[in-house]
Amino acid sequence: LVAALSMGSMSWAAESVQTSSSLSSEEAKVAYSLGFIFGKNNATAIENLDIDKFVAGFKDGYKGQQGLLSEDDIKKTLTDYKERRMAQAQADFQKQSVENKVRGESYLADNAKKTGVMTTSTGLQYEVLTQGTGLQPKPADTVEVHYEGKLTDGTVFDSSIQRGQTASFRLDQVIAGWTEGLQLMKAGSKYRFTIPSGLAYGEMGAGSIPPNAVLIFDVELINVTKDQAVEKSDKKKKK
């Protein structure tokens with residue numbers, strides 16, 4: 001076994017040396033770099049690419065030779081391919097959306113039965129982990145928080161805790177589940193929010209958050225900065 005591993009390592013090393021030596025000129029390095037970047041950037045965009053045919057087409061086009069397909073055929077081929085890929089992507093997205101909706105509704109129903117979980121009229125679910133005694137924010141106030149967001153399968157998609165830096169923002173400039181949920185909190189509190197997709201990113205999702213995803217956030221409300229304009233307006237009304 002040791003001998004076989006040694007021979008394999010020697011073979012790999014020899015191949016690496018040979019590959020490296022083939023890039024001895026600047027022109028070779030440029031050519032390889034362009035090919036590498038194109039391949040890497042299109043690996044997920046073009047599935048099951050016939051690399052031999054790709055290279056043959058590249059050579060013909062680069063040398064200005066007559067192509068195996070006419071210009072019109074090439075345009076139609078690529079247009080049809082793009083439309084097929086878009087249709088497939090849309091179908092996959094819709095399937096994922098429906099599956100996530102069913103899965104999310106089931107998760108919310110089960111979660112609502114857990115001890116300590118409360119549900120608001122909008123469907124937002126929350127648990128009080130630690131109850132603070134500080135200021136309670138309003139929508140126009142700026143809050144400072146530490147948080148971690150997860151999908152229902154436990155995947156962490158965002159975390160100020162992991163970054164080691166708190167986040168600050170106006171409460172009316174975030175998803176509806178946050179705007180509603182944090183108004184229930186007082187500074188110094190830690191809550192867990194389970195947010196229906198309709199109070200989060202809905203049917204479209206966002207970035208790494210899939211469509212119709214239920215989101216789970218552990219949030220610590222550290223500080224509340226009152227909106228001075230609103231405060232002055234409220235004082236005038238009271239007078």
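Two strands pair if DSSP finds at least two bridges between them. I wrote that down before looking up Lys190, whose bridge partner in β7 is Glu220. The model I am reading is predicted.

**Entry 1: strand β6.** I looked up which strands pair with β6. Strand β7, residues 215–225, is joined to β6 by six bridges, and the two run antiparallel. Strand β2, residues 125–130, also pairs with β6, residues 190–195, in the antiparallel sense, over five bridges.

**Entry 2: Gly181.** I went to helix α6, residues 176–182, where Gly181 is found. Is Gly181 buried or exposed? Gly181 counts as buried because its relative accessible area is 0%, and the cut-off for buried is under 20%. Leaving out residues up to four places away in sequence, I found that Gly181 touches Leu124 and Phe193. Gly181 and Phe193 lie 12 residues apart in sequence, and their C-alpha atoms are 7.2 Å apart in space.

**Entry 3: the core.** Phe193 came up again when I looked up the largest nonpolar core, which has 27 residues. Phe193 is among the members that touch the most other members, along with Val145, Trp178, Leu182, Ile195, Phe217 and Val219. I checked which elements contribute: β3, β5, α6, β6 and β7 each supply at least two residues of this core. The largest share, five residues, comes from β7.

**Entry 4: Val145.** I listed contacts of Val145, again skipping residues up to four places away in sequence; they include Trp178, Leu182 and Val219. Glu220, the bridge partner of Lys190, is also touched by Val145.

Notes: Residues numbered from 1 in each chain as written. Predicted model: local features only at pLDDT ≥ 70, side-chain atom pairs only at ≥ 80, totals over all residues. Heavy atoms only, no water. Helix = DSSP H or I, 4+ residues; strand = E, 2+ residues; numbered from the N terminus. Buried < 20%, exposed > 50% of the residue type's maximum accessible area, 1.4 Å probe, protein only. Contact = heavy atoms within 4.5 Å. Core = buried A, V, L, I, M, F, W, Y, C linked by side-chain atoms within 4.5 Å.
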